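Subject: Handing over the structure, with notes

Dear colleague,

I am passing this structure on to you, and below it you will find my notes on what turned up in it. Please read them with the structure open beside you.

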Amino acid sequence: MRNLGIIPARAGSKRVPRKNVRLLGGKPLVAWTIEAALKATSLDRLVVSSDDPHVLRIAATYDGQLILRRPRNLANDRSLAIDYVRHALKACETADTAGFDTVTIIQPTSPFTLPEDIDATVDLLAQSHADTAVSVMKLDQVIHPFKLKVLEGDRLLPYLEEERGRMADHQLPQLHSRNGAVYATRRSVIDAGQIIGEDCRGYVMPTERSVDINEEIDMAFAEFLLARREARLAA
């Protein structure tokens, strides 16, 4: 099973400007993901798909073969993930003699993803024979759907159903959400125009590695977690 790894890092982030090249612990955000992906053993080929010259220069410091210039029309706010994946597949299969059976997307907005997280997600896809495997995280009980409320005036009413006294974490069904870090999917799913197939499996990542940077507060939280980690190592 040949696996193409793609790190998508376009230039046009609006909520966190220049997000992929922002420094976290003195290192560009995209570099965290590049380093994790290069250490993963499950990727037969890795590319950084970007329209941003700065991102591509960063990628080139690791390996010139990582660079994949993405056309601007595939890197705007309305561009679909399937389009940059198809572009990457076409470019890499033109250059390589062999094709790819699976595609793994590793997001640069998740800087604490480990090589083991990438490999475990890919292994789950292979062992389960599913269409897709993705990284997930356990939802905090504070945002559990059973706790969601609506306000009618100042009256607090259940959004879905009454809590019926279920307030503690152990009293609630355990729920998970995709954390945005890793998506591994079969070529047949991509050829059908999808990123996630009908049979999707979840690899659970711990909350502290599931930071997904979409807002400035996420960046601040990542800096806090990194400083705490470094303080523990120094202790």
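In which strand does proline 28 lie? Proline 28 belongs to strand E3, residues 27-28, where strands (E, at least two residues) and helices (H or I, at least four) are DSSP runs numbered from the N terminus.

Before going further, please keep in mind that this is a predicted model, in which local features need pLDDT of at least 70 and side-chain atom pairs count only at pLDDT 80 or more, while totals for chains, interfaces and linings use all residues. Residues are numbered from 1 along each chain as its sequence is written, and side-chain values use heavy atoms, with hydrogens and water left out.

To return to proline 28, this residue is buried at a relative accessible area of 18%, where buried means under 20%, exposed over 50% and partly exposed in between (1.4 Å probe, protein chains only). Not counting residues up to four places away in sequence, proline 28 touches Asn20, Val21, Arg22, Leu23 and Ile58, contact being heavy atoms within 4.5 Å. Between proline 28 and isoleucine 58 there are 8.2 Å from C-alpha to C-alpha, although they are 30 residues apart in sequence.

Helix H1 is itself mostly covered, with eight of its 11 residues buried, including Leu29, Trp32 and Ile34. Leaving aside neighbours within four places in sequence, isoleucine 34 is in contact with Ile7, Leu46, Val48, Ile58, Ala59, Tyr62 and Leu66.

Threonine 132, found in strand E7 (residues 132-138), is buried with a relative accessible area of 0%. Its side chain makes a polar contact with the side chain of threonine 185 at 2.9 Å; such a contact is a pair of N or O atoms within 3.5 Å, where within protein one must be able to donate a hydrogen and the other to accept it, and residues adjacent in sequence count only if both atoms are side-chain atoms.

Arginine 18, in the loop between strand E1 (3-8) and strand E2 (23-24), has a positive phi of about 55 degrees although it is not a glycine, and at 37% relative accessibility arginine 18 counts as partly exposed. Histidine 129, in the loop between helix H4 (115-128) and E7, has a positive phi of about 60 degrees and is likewise not a glycine; histidine 129 is exposed, with a relative accessible area of 66%. For background, most residues other than glycine have a negative phi.

With best wishes
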